Amino acid sequence: SVRHPLQTIAMSDSRSRASSFQQKFNNFTQWTMQKLGRAEETKLDPEFENGVAKFHATKKELVALLKAASAFHTAKLKLQKANEGFHDALAMTGSHAKASPEAVSATQSYVTAGRALDSEEAKFNDAYKTEMVDAIVSLLEKEVKECELALKKHSAAHLDFDSCNRKWKKMEDKPRVTTAKKQALEEELKRKAKTFNDMGHQVVNLTAIVESKKNTILHENLERFMQAQQQFFERASKYMMDGDSLKSKLEEARGDEPEGGGKKVAESKGSDGEKEQEHDVKDEVKETKKEG
């Protein structure tokens, strides 16, 4: 009779490999006969099958989520680098030797606020990578793979049990088979049934773990990061408004004339011209009187 792998641990490697090959061959034979409709297949529990189908859908969802999360994180890193470069360049411009003290002070304040924002963005990006991108990768590489391996083992145990069950039913119809052989095969059938059931429970537990961790990533981590991102955008909006204020301060520091200033100067020049003309007229009147 074909020995279970657990019964061959103490045997030589050659005997162990032969037994494993025989078991795989029996399982393949059982699978082929089932596909041809010449052997019975133990029906799986509908709840178990639904759980397995949900697991495959969850894996597909996680792969798509990882792609989107990675793209978002890459874009955020590029934006972070661009902002840091902008503030470095602005700091160099503000510290130019020809810049007025007022311009230097206003620029430094703006750069300081911008770099504080850069620091917050960097922390956000690091946390997002750890609790979103890395968490999804870990889930796919660990629990999902463990569940896939358990599914393969469950499928093998399913075929192994059905193959042994088929042998048992054939033996029941043979009266010449000794009681000892029947008892041995019955014990083997019980062991294979237990392995089959245990693997089924393991698959159910692993699919539940995968689903729970996926929900944590989506409902807790993602929601927290969405709130943090909203707060960051609010601070960034204030920073942009401060940028408009800096522009005005820099214009004042350069001595730029406010709008309408040119008009007042022209008006002033016009008044001065009128006064000069008035003085000229008075002088001419005085000279005329003298000549008379």
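Accessible areas come from the Shrake-Rupley method with a 1.4 Å probe, and for residues only the protein chains shown count as cover. This is a predicted model, in which local features need pLDDT of at least 70, side-chain atom pairs count only at pLDDT 80 or more, and totals for chains, interfaces and linings use all residues. Residues are numbered from 1 along each chain as its sequence is written, and side-chain values use heavy atoms, with hydrogens and water left out.

View 1. Helices (H or I, at least four residues) and strands (E, at least two) are DSSP runs, numbered from the N terminus. The order from the N terminus is α-α-α-α-α. The accessible surface of the chain is about 20300 Å², and carbon and sulfur atoms hold 55% of that. Of the 292 residues, 30% are buried; the term means under 20% relative accessible area, with exposed over 50% and partly exposed in between (1.4 Å probe, protein chains only). A contact means heavy atoms within 4.5 Å. Take the contacts between residues at least 6 apart in sequence: 85% of them join residues at least 24 apart.

**View 2. Helix α3 carries a kink centred on K129.** The kink is about 35°. The bend at a residue is the angle between axes fitted to the seven residues ending there and the seven starting there.

**View 3. S163 sits in helix α3, residues 101-172.** S163 has a relative accessible area of 3%, so this serine counts as buried. Its C-alpha lies 9.3 Å from that of L189. In sequence, S163 and L189 are 26 residues apart.

**View 4. K192 of helix α4 (residues 179-254) pairs with D160 in a polar contact.** The two side chains meet at 2.8 Å. A polar contact is a pair of N or O atoms within 3.5 Å; within protein, one must be able to donate a hydrogen and the other to accept it, and residues adjacent in sequence count only if both atoms are side-chain atoms. K192 is buried because its relative accessibility is 5%.

**View 5. C147 and C164 are buried cysteines.** C147 has 0% relative accessibility. For C164 the relative accessible area is 4%. A disulfide is a pair of cysteine sulfur atoms within 2.5 Å. By this rule the chain has 0 disulfides.
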